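Biologist: Please take a close look at one part of this model, the first crossover between neighbouring strands. How is that part built?

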Amino acid sequence: MIAVEKALEHYGAPVYVRKQIVHNVHVVTSLEAKGVIFVEENDEVPEGALVVFSAHGVSPAVVASAADRGLRTIDATCPLVTKVHKEAVRFPRRTTTSCSLGMPVTRKWKAPTGKPLKAPPL
């Protein structure tokens, strides 16, 4: 959220944010009133515009897509999420069995590698 507010201060409106930056309707509504536009995909952002990646992180393909479209980007991925993403990529390379809890259709499952994570069903 701070990244979005700083982007507004520095660059002015509009600031595009890919997905909701946080799961808080009051924060989202307040940011929209200041000129933030929430989008689902990079193709909804005008070429060359500024887009902030939400706290949940994005896949390498999303970063590449933004670069291909000349988007200016700010990565607001939560440091804890980044740590989990790195571990999600690292663990399968080892002999360790890992298990991810959550709904596999959500973007959180795809962010580390750009593909759904392989985990045993629970």
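Modeller: Strand E1 (residues 15-18) runs parallel to strand E2 (residues 36-39), and four bridges join the two; pairing requires at least two bridges found by DSSP. The model is predicted, so to speak of local features requires pLDDT of at least 70 and of side-chain atom pairs pLDDT 80 or more, while totals for chains, interfaces and linings use all residues. Residues are numbered from 1 along each chain as its sequence is written, and side-chain values rest on heavy atoms, without hydrogens and water.

Helices (H or I, at least four residues) and strands (E, at least two) are DSSP runs numbered from the N terminus. Within the pair, Val15 has Val36 of E2 as its bridge partner. Between E1 and E2 the chain passes through helix H2 (residues 25-33), giving a right-handed β-α-β crossover: with the strands pointing away from the viewer, the path from the first strand over the helix to the second runs clockwise.

At the start of H2, a side-chain oxygen of Asn24 comes to within 2.9 Å of the backbone nitrogen of His26. Val27, Val28 and Leu31 of H2 are buried (under 20% relative accessible area; exposed is over 50%, partly exposed in between; 1.4 Å probe, protein chains only). They lie on the same side of H2 because they cover an arc of only 100 degrees around the axis, taken from the directions from the helix axis to the C-beta atoms. The buried residues of H2 pack against H1 and E2, with contact meaning heavy atoms within 4.5 Å. On the face turned away from the buried side, H2 carries the exposed Val25, His26 and Ala33. Just after H2, Gly35 adopts a positive phi of about 110 degrees.

How values were computed
A polar contact is a pair of N or O atoms within 3.5 Å; within protein, one must be able to donate a hydrogen and the other to accept it, and residues adjacent in sequence count only if both atoms are side-chain atoms.
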